[in-house]
Amino acid sequence: MPTPAALVALTGIFILGMIWLRTRMQYPREVGRLRLQRAGWIYFGGVLLVLATGWVAAPPVGRLLTPGAASTATLMREIWFLATYYLFILVHRIVKSRGTSIFRARPR
């Protein structure tokens, strides 16, 4: 049976994949392959930064917000990762509304 840290790491990878897929699906394939733009590198760098911050910060923040509750580090990290997914849905909408593309189709 995997350790709690391994489960949290797998969840982080899963969340990163879900953000990638959800963002990529927002851009139609007109001609050619979709390529990650400079804004996309920054966007996904931000995702990785928030996930890494959650690994470190979620347990103390959880203890601060829910003192005396049975909140474990694993649970707090999982909640942080799920909140990251929803946060980056909003971030993508803001970025796209300003006319910046995360992905762009390039001819083959």
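**Surface patches and overall form of the predicted model**

Phe14, Met18, Trp20 and Leu21 form a nonpolar surface patch of about 380 Å². Patch members have over 30% relative accessible area and no salt bridge, with nonpolar side chains (Val, Leu, Ile, Met, Phe, Trp, Tyr) joined within 5 Å and like charges within 9 Å. Areas follow the Shrake-Rupley method with a 1.4 Å probe, and a salt bridge places a side-chain nitrogen of Lys or Arg within 4 Å of a carboxyl oxygen of Asp or Glu. The model is predicted: local features need pLDDT of at least 70 and side-chain atom pairs pLDDT 80 or more, while totals for chains, interfaces and linings use all residues. Residues are numbered from 1 along each chain as its sequence is written, and side-chain values use heavy atoms, without hydrogens or water.

Met18 belongs to helix H1 (residues 4-24). The protein contains 3 helices and 2 strands, arranged along the sequence as α-β-α-α-β; these elements are DSSP runs (helices H or I, at least four residues; strands E, at least two).

A positive surface patch comprises Arg29, Arg33, Arg35, Arg104 and Arg106, with the charge of Arg placed at CZ. Strand E1 (33-36) and strand E2 (103-106) each give two or more residues to the positive patch. Arg33, in strand E1, is exposed at a relative accessible area of 51%, exposed being over 50% and buried under 20%. Buried residues account for 28% of the 108 residues.

The C-alpha trace spans about 55 × 35 × 15 Å along its principal axes.

Note on methods
Lys and Arg count as positive and Asp and Glu as negative; His and the chain ends are not counted. Buried means under 20% relative accessible area, exposed over 50%, partly exposed in between (1.4 Å probe, protein chains only).
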